[in-house]
Amino acid sequence: MSASNTLNKTSFDNWRRLAVAAGFAFVTLLAIVLLAVTLAHHEQAGHQRVTFDGHKYFPERDNSIERFLDEKAAIETGEMVSEDPQSAMHGEYWLWFSPNNLNKELSILKVELAWLDHLSVFYLTKDGQYQSFEAGDDHRFTERVIAFRKPAFPLLRQVNDQEIDTVAIRVSAQGYLSLPLYALSENAFNAQVNLDYLFYGAWLAILVALGFYNATIFFSLRYNVHLYYIVYLSVFSMLLIIASGIGQQYIWPNRGNTTTLLANIALALTNFGTAYFVIHFIQLDKYSNTLTGFLRGFSFISLLCIPFVYFFKYDALPPILISSFAIMAIILPAAIHASLRGNQVAPFLFASLIVLIPCNTIGLIRFMGLFEHDHWTEHVAELGMVADALILSLALAYMVNLLRAEKDEVTSVRERERISFAKQLLRAKEEERKEIGKALHDDLGHKILSIKNAINLIPKKEGDLNQSNALAMADEAVKEVRDLSHLLYPSIIEHLGLEKAISNVVSTGLNGSDIKFNINISPLELSNELELLVYRAAQEFVNNLLKHSSHATQFDLSIASDNGGDSIVINATDDGDVPFSPEDFRFGLNMLKQQAALFDGDLQVQRSKAGLNSLVLTVFDKPPVPKP
């Protein structure tokens with residue numbers, strides 16, 4: 001395959017991964033919508049969106065009900081104009097409606113927005129009587145008239161037997177005001193509370209499980225990306241717990257004015273955790289230093305805003321929000337860019353964004369009160385966050401497999417290099433032994449023969465024992481040099497072949513003993529290194545028999561291929577004493593075992609039921625495959 005074809009195939013594979021990720025994301029979005037619609041089908045009965053009859057902004061706070069009634073009367077007579085909510089940063093808003101427009105079976109008012117500084121509801125009669133309740137972040141959760149994570153109040157119809165004419169809501173909040181208000185029946189409210197707590201419990205359980213899972217991987221494999229994911233998961237979970245009102249309900253129920261502060265801090269930390277997780281997750285610095293620099297810059301801007309949150313609360317929010325939107329805007333093209341450059345986990349990030357961004361957008365629009373009656377949007381944002389966490393965790397698990405495969409490949413290469421070096425060392429050792437053997441046989445052996453011949457040329461004297469002893473010593477030296485040269489390098493393999501060389505070493509070794517032997521060697525085509533190893537194995541098996549099985553009467557040696565010719569098995573069997581274990585291997589057998597390992601083989605000791613002892617050596621006549 002040409003270089004251009006390879007490049008085109010790689011590019012096609014990258015686009016294919018991106019397309020598969022997009023398809024998976026859209027299927028996940030469809031599943032989220034279907035699940036949200038199913039949940040809404042069980043919840044939406046007994047709900048009605050409240051439409052306000054008028055709005056009035058006061059530039060100061062803590063306005064009295066009497067002042068509100070005067071302003072309301074002026075608006076109704078046309079002397080003043082009703083003002084739409086824009087900002088309550090330095091004052092408060094009053095909103096009102098008539099309960100006569102609501103279904104008589106509805107008995108609870110619920111505000112969709114969880115984090116409002118101060119919220120009061122006034123139930124007013126025509127003659128000026130009223131009853132009020134308070135909630136909001138500046139009030140303890142334990143002081144709420146209805147214990148719910150979002151502000152909720154009983155929907156009164158009468159006060160002192162007088163019919164309620166107007167329901168007025170006074171709101172103090174920093175930032176732009178959004179007040180989606182719903183009236184519910186008691187059954188619908190309780191059903192939603194139960195479902196909400198079940199959903200949030202499952203959601204938190206999933207996040208905790210993912211956190212422990214990634215913590216385990218980090219502490220076992222030390223991959224920093226899992227540490228950054230734990231940071232991201234922690235701060236993002238903290239943000240959701242605060243924004244949803246769960247924190248004020250369960251963590252600080254007796255403290256007021258805490259949610260606003262912590263929400264800003266959690267959002268800033270989420271920006272930081274998100275940016276650094278993405279950088280390490282897709283190794284963005286390898287693909288784009290510019291995008292990496294932007295992500296780091298916006299993440300540090302968010303962190304620098306945290307001290308200002310203590311003093312200015314929501315006044316410090318705009319730069320944090322800008323950083324948040326900028327980070328999300330950078331991550332999406334970064335995921336696409338890394339995917340097209342061949343990063344195999346970036347498509348997971350792309351899929352998670354395709355799921356998370358629409359879900360968060362729907363949640364934000366609902367948060368702003370722009371969905372009038374679409375109750376199915378209630379849980380879309382939460383479901384999207386859970387799906388995002390699951391997709392990223394799948395990506396991290398996949399990345400672990402990739403990293404392990406990469407490490408295994410490095411280990412395999414190093415193992416092959418080690419085995420190759422060991423074989424070269426063994427080959428060099430055998431070459432050295434061959435040269436020494438030849439030098440002994442051809443040089444030193446010939447010199448000793450020359451000395452013997454020179455002694456023979458000396459005229460013999462009757463009864464000269466010195467000359468006879470010298471000749472005997474020369475014969476013995478020639479024999480020892482010949483045997484030593486054969487031990488160093490069995491040249492008989494080159495001259496007669498492996499089968500006859502092994503037959504010779506067995507018959508020579510057992511010569512003079514009462515042990516009968518049988519040799520069975522199948523026709524084999526082996527490399528030079530393996531031929532020499534098989535010969536050494538037969539030689540060592542005979543030596544081991546003579547040293548450790550003195551009572552043996554029969555010795556059988558078989559050499560054959562196995563597993564379709566992939567492996568060579570050398571089996572030496574005798575009927576001697578109980579064999580020793582592999583832990584008792586002496587130098588010779590241990591050397592044989594180590595050499596066999598270079599051919600992906602092993603040496604084992606066996607004892608059959610018939611009382612026969614076996615030494616089995618298995619080797620492979622091909623490059624070994626290192627075990628992971």
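Me: Two strands pair if DSSP finds at least two bridges between them. With that in mind, what is the order of the open sheet of four strands?

Reply: In this predicted model, where local features need pLDDT of at least 70, side-chain atom pairs count only at pLDDT 80 or more, and totals for chains, interfaces and linings use all residues, the order is 1-10-4-7, with antiparallel pairing. Strands here are DSSP runs (E, at least two residues), as are helices (H or I, at least four), numbered from the N terminus.

Me: Which strands stand at the edges?

Reply: Strand 1 (47-49) and strand 7 (152-154) do; each has a single partner strand, so one side of each lacks a neighbour in the sheet. From one strand to the next, the twist averages 25°, with axes fitted as lines to C-alpha atoms, for helices over the stretch in contact, and angles taken from 0 to 180 degrees between N-to-C directions.

Me: How many bridges link strand 4 and strand 7?

Reply: Three bridges join strand 4 (residues 108-111) to strand 7 in the antiparallel sense, and L109 lies opposite F153 of strand 7.

Me: And which helix packs on the sheet?

Reply: Helix 3 (residues 186-221) does, touching strand 1, strand 4, strand 7 and strand 10 (181-184). Contact means heavy atoms within 4.5 Å. The direction of helix 3 makes about 115° with that of strand 10.

Me: Turning to S614, is that residue buried or exposed?

Reply: S614, in strand 15 (residues 613-620), counts as buried because its relative accessibility is 13%; the cut-off is under 20% relative accessible area, with a 1.4 Å probe and protein chains only.

Me: Which residues does S614 touch?

Reply: Leaving aside residues up to four places away in sequence, S614 touches N571, A572, T573, Q604, V605 and Q606. Residues are numbered from 1 along each chain as its sequence is written, and side-chain values use heavy atoms, without hydrogens and water.

Conventions: Buried < 20%, exposed > 50% of the residue type's maximum accessible area, 1.4 Å probe, protein only.
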